Protein chains: 4
Amino acid sequence: MPRRNLKDIQSQPDDRNLPIDKVGVKDITYPVVVLDRADGLQHTVARINMYVDLPEHFRGTHMSRFVEVLNRYQGGISTKNVRDILEDLKKELNAKTSHVDIEFPYFITKAAPVSGQKSKMDYICTLQGDSSVDYYTLQVKVPLLSVCPCSKEISRYGAHNQRSIVSVSVRASEILWIEELIELVEECGSSQIYALLKREDEKYITEHSYENPVFVEDIVRNVAVKLLAHPKVLWFSVETESMESIHNHSAYAQIVIDKTKKL
Amino acid sequence: MPRRNLKDIQSQPDDRNLPIDKVGVKDITYPVVVLDRADGLQHTVARINMYVDLPEHFRGTHMSRFVEVLNRYQGGISTKNVRDILEDLKKELNAKTSHVDIEFPYFITKAAPVSGQKSKMDYICTLQGDSSVDYYTLQVKVPLLSVCPCSKEISRYGAHNQRSIVSVSVRASEILWIEELIELVEECGSSQIYALLKREDEKYITEHSYENPVFVEDIVRNVAVKLLAHPKVLWFSVETESMESIHNHSAYAQIVIDKTKKL
Amino acid sequence: MPRRNLKDIQSQPDDRNLPIDKVGVKDITYPVVVLDRADGLQHTVARINMYVDLPEHFRGTHMSRFVEVLNRYQGGISTKNVRDILEDLKKELNAKTSHVDIEFPYFITKAAPVSGQKSKMDYICTLQGDSSVDYYTLQVKVPLLSVCPCSKEISRYGAHNQRSIVSVSVRASEILWIEELIELVEECGSSQIYALLKREDEKYITEHSYENPVFVEDIVRNVAVKLLAHPKVLWFSVETESMESIHNHSAYAQIVIDKTKKL
Amino acid sequence: MPRRNLKDIQSQPDDRNLPIDKVGVKDITYPVVVLDRADGLQHTVARINMYVDLPEHFRGTHMSRFVEVLNRYQGGISTKNVRDILEDLKKELNAKTSHVDIEFPYFITKAAPVSGQKSKMDYICTLQGDSSVDYYTLQVKVPLLSVCPCSKEISRYGAHNQRSIVSVSVRASEILWIEELIELVEECGSSQIYALLKREDEKYITEHSYENPVFVEDIVRNVAVKLLAHPKVLWFSVETESMESIHNHSAYAQIVIDKTKKL
């Protein structure tokens with residue numbers, strides 16, 4: 001059945017006089033290769049959304065073309081070619097704007113603090129590109145250990161602590177390594193965490209974290225101080241969610257700063 | 001142990017010179033009673049976030065006070081008293097701004113279209129209040145049946161169809177009933193859906209939906225036309241996500257309109 | 001359209017010679033009223049699955065009848081009438097066996113250990129009934145605070161701790177209160193946890209939990225010792241998952257004991 | 001700090017007289033390389049659980065050794081070496097039994113049925129190994145299109161259809177390819193599905209699926225017939241969950257057959 005005989009319903013005119021802000025495909029699971037500072041390239045699996053705008057005079061977009069564009073980037077997706085994907089989407093879909101979200105677990109080989117034993121830690125990262133603004137957003141979710149300063153201060157011994165997830169999104173004037181952003185955040189809690197720790201490492205982390213108690217408020221401020229001072233960062237949002245060990249809910253804090261408005 | 005002897009670490013001064021936009025508690029599961037147009041009141045269970053701002057000169061907020069404020073509203077939470085919760089949070093936490101998110105399943109008893117058999121359908125609703133703007137946002141997620149117009153047009157018989165989730169958020173000048181918003185959205189797909197259908201209902205819905213095929217683009221435009229014409233609505237966002245039956249990913253569309261800027 | 005004119009495809013004969021173990025409806029969200037030891041009744045929202053067997057000579061079951069059975073139990077669902085639901089399902093679906101899963105958040109008002117301040121804690125409970133065995137299973141998920149004994153022992157000060165989720169399933173010879181099972185589990189960690197704690201409570205919990213460190217192995221053994229000694233319990237499974245604060249993964253342990261086989 | 005000076009709390013004796021069935025690590029996110037029938041090897045990301053038993057006379061296991069064992073398998077994990085992992089776990093943890101779950105998205109390049117356009121489809125797979133039984137279990141989740149036979153029969157035109165997820169677990173006497181199991185399942189619905197379809201493909205799938213309507217009951221029976229006839233398969237479970245487009249809940253069916261007991 002030749003395709004030209006099949007009516008193109010999507011290209012029919014529309015009389016509701018309403019342009020659509022975003023239309024496209026959502027939650028495509030797709031294997032990707034991303035840039036890795038240590039190893040050059042890293043294989044992982046992404047969850048991808050791709051959207052364009054649709055002018056008021058067309059009834060629908062052509063969904064298969066989004067996947068066709070995605071198929072061109074099997075060699076690798078990174079902060080370096082998010083802009084290319086956005087341009088391809090605009091061209092193939094005859095659109096004025098385009099948007100892409102690429103979320104994936106990213107792995108960094110870390111050495112335990114005392115034993116030096118190596119293991120891979122996973123961090124959830126998202127590359128987000130939007131053609132209507134001239135930059136991309138890089139988000140990383142970094143798990144940390146947080147020891148409660150109040151609990152330490154008021155108790156004769158011990159202090160409640162828990163896993164906290166710091167979500168940092170940044171827009172930058174130049175390419176930032178994922179690793180650079182993760183390392184910056186990992187200095188801002190009571191201790192960083194690892195996939196593999198021997199007893200001597202556990203002793204070190206327990207004592208080190210007890211000496212450095214932080215509230216969720218402290219974590220977001222510590223990260224914000226570093227991002228304010230970072231020359232490449234134009235805008236950032238930092239959130240912390242602590243899965244409180246004494247409660248069944250989380251403690252939360254957020255700071256958002258647009259440095260371009262402060263200058 | 002008298003409380004006055006325990007040091008208030010949270011009230012210590014902070015020298016990082018950084019106010020915090022939002023700080024508070026997240027993901028509290030809590031039983032709530034909400035207004036129900038048909039029955040007066042409805043019991044359900046909510047997922048609640050509550051935040052305030054924190055000035056730059058304090059180190060931390062007092063997390064337990066958020067739960068104390070929440071405990072005052074066991075008689076009922078609705079669009080009518082979101083503002084009271086926001087005021088209580090500001091007062092108890094000495095804050096300038098406050099924010100609350102209350103997400104819950106809401107049930108409506110619906111009669112099947114032919115048999116008239118009654119059943120309860122669940123809709124995920126969110127009440128969001130923000131003291132820094134003088135209104136609340138009501139969000140409802142409405143599942144619909146969508147039949148693909150392209151598939152119907154090009155095929156000799158049949159047409160692929162699927163469950164689509166329409167998420168509508170509105171800010172309004174006056175109180176809107178949850179039911180009112182749901183009914184408005186349920187007219188915008190190929191067919192509304194039900195928890196209980198007999199054979200005669202299934203025949204009706206199959207034929208009715210086949211006669212009314214819609215793309216995700218059509219659904220968001222149909223909803224937008226109605227919300228543009230609705231006298232109480234000041235701002236809205238409408239998104240549709242169709243869990244495509246011929247793909248393993250979703251089709252998506254969104255329209256956002258601020259009517260106060262159009263006037 | 002009279003229903004008798006619509007062909008009953010489900011009742012057609014089937015020649016594949018294969019009975020079906022379970023067929024029915026899954027993931028129905030439904031408001032329920034459950035028995036509450038303190039207040040008589042409690043409103044909550046359940047996620048429900050209902051299944052029956054299907055003999056080899058029928059092509060399909062009648063899905064709408066499951067929801068019709070469920071609609072009869074709007075006055076309340078509890079360990080007391082799970083058997084009635086199972087019998088109704090067998091009767092309405094002409095089945096030999098029936099199965100039901102009812103999962104819901106359950107709330108208990110708890111007093112903080114020093115201040116006595118009251119708050120509601122949520123616990124995920126599941127009632128599971130299976131007509132092919134003559135009992136139901138009650139599952140509760142109880143969050144606890146666990147302090148690591150190794151970390152405490154090897155460190156000069158502090159000890160890593162975290163939220164642990166204990167999942168206990170029991171089959172009993174007589175009705176067990178949900179509250180009874182939760183209280184039994186809450187004695188088995190380093191400390192129970194609460195939705196609302198003042199500073200004096202936080203001091204108490206920090207010190208008390210530091211004095212009672214437990215591994216995941218200790219928690220499951222502590223619970224197992226109590227359930228082995230409980231006269232009503234015939235069978236149990238106890239699992240603990242600790243969301244380790246020093247790792248990005250969980251520690252896990254499980255013990256399953258069928259006391260009827262030990263006797 | 002030399003490790004020998006740090007007390008081994010885990011190796012302390014325990015007097016509760018209770019062996020533990022499973023103890024270990026849960027929900028480790030880890031990059032893996034798996035066997036691929038078409039390309040030799042495939043990179044993906046797994047969610048991994050690893051457990052051993054613990055005799056009654058030890059207080060705890062040594063959690064870091066699980067991750068050390070995992071780190072030996074960075075070159076590849078497959079049905080071929082699940083047994084090696086199980087043996088390593090038993091040896092390193094001095095255990096009698098060991099258990100591993102490895103869940104990952106797996107990608108297969110498929111050609112669209114008419115246009116021949118290629119795209120990658122994702123399938124969730126789990127390799128499960130248990131040393132206490134002499135085999136592993138392979139599970140695949142296969143999304144299909146299902147057209148309702150009742151809806152088609154009773155309606156003048158159209159038929160409701162939806163995405164159905166078939167979960168098949170098998171234990172086999174010899175190695176089975178993931179691809180082999182997926183292909184077997186994909187013949188059992190109204191149509192298989194794809195990540196990329198052009199209009200001529202959509203026409204084909206719409207008509208082909210309308211000509212082949214199936215209930216959830218039909219799907220599990222169709223799969224069961226094929227697995228009963230498959231010479232390598234010793235045991236299987238097949239479940240289907242259809243995300244009904246006319247309801248907000250799923251239809252479900254399951255068949256479990258142990259062929260070793262039938263012989």
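Contact means heavy atoms within 4.5 Å. The figures below show a predicted model.

**Figure 1. The contact between chain D and chain A.** By that cut-off, 33 residues of chain D and 33 residues of chain A take part in the contact. The two chains bury about 3000 Å² between them, and 58% of this area is on carbon and sulfur atoms. The size of an interface is often given as the accessible area lost when the parts come together.

**Figure 2. Salt bridges and polar contacts between chain D and chain A.** Four salt bridges are found across this interface. One joins the side chains of Asp8(D) and Arg199(A), with an N to O distance of 3.5 Å. Between the two chains, 14 residue pairs are in polar contact. On the side of chain D that touches chain A, at least two residues come from each of several elements of chain D, including β1 (20-36), β2 (40-54) and α5 (199-210). The largest share of that side comes from α1(D), which gives five residues. By residue class, the side of chain D that touches chain A has eleven nonpolar, ten polar and twelve charged residues.

Figure 3. Chain A consists of domain 1 (12-108) and domain 2 (134-263). Eleven residues of domain 1 of chain A and nine residues of domain 2 of chain A form the contact between them. The domain centres, taken over C-alpha atoms, are 30 Å apart. About 930 Å² is buried between the domains, 67% of it on carbon and sulfur atoms. Arg37(A), Thr79(A) and Ile108(A) supply 59% of the area that domain 1 of chain A buries against domain 2 of chain A, more than any other three residues.

**Figure 4. A salt bridge between the domains of chain A.** One salt bridge is found across the interface of domain 1 of chain A and domain 2 of chain A. The side chains of Arg37(A) and Glu183(A) form a salt bridge with an N to O distance of 2.7 Å. Three residue pairs are in polar contact between the two domains. On the side of domain 1 of chain A that touches domain 2 of chain A, β3(A) gives the most, with three residues. The residues of that side are six nonpolar, one polar and four charged.

Conventions:
Residues numbered from 1 in each chain as written. Chains lettered and ligands numbered in written order. Predicted model: local features only at pLDDT ≥ 70, side-chain atom pairs only at ≥ 80, totals over all residues. Heavy atoms only, no water. Domains from an automatic or database assignment. Buried area = accessible area lost by both parts, 1.4 Å probe. Polar contact = N/O pair within 3.5 Å; in protein donor to acceptor, adjacent residues only side chain to side chain. Helix = DSSP H or I, 4+ residues; strand = E, 2+ residues; numbered from the N terminus. Nonpolar A, V, L, I, M, F, W, Y, C, P; charged D, E, K, R; others polar.
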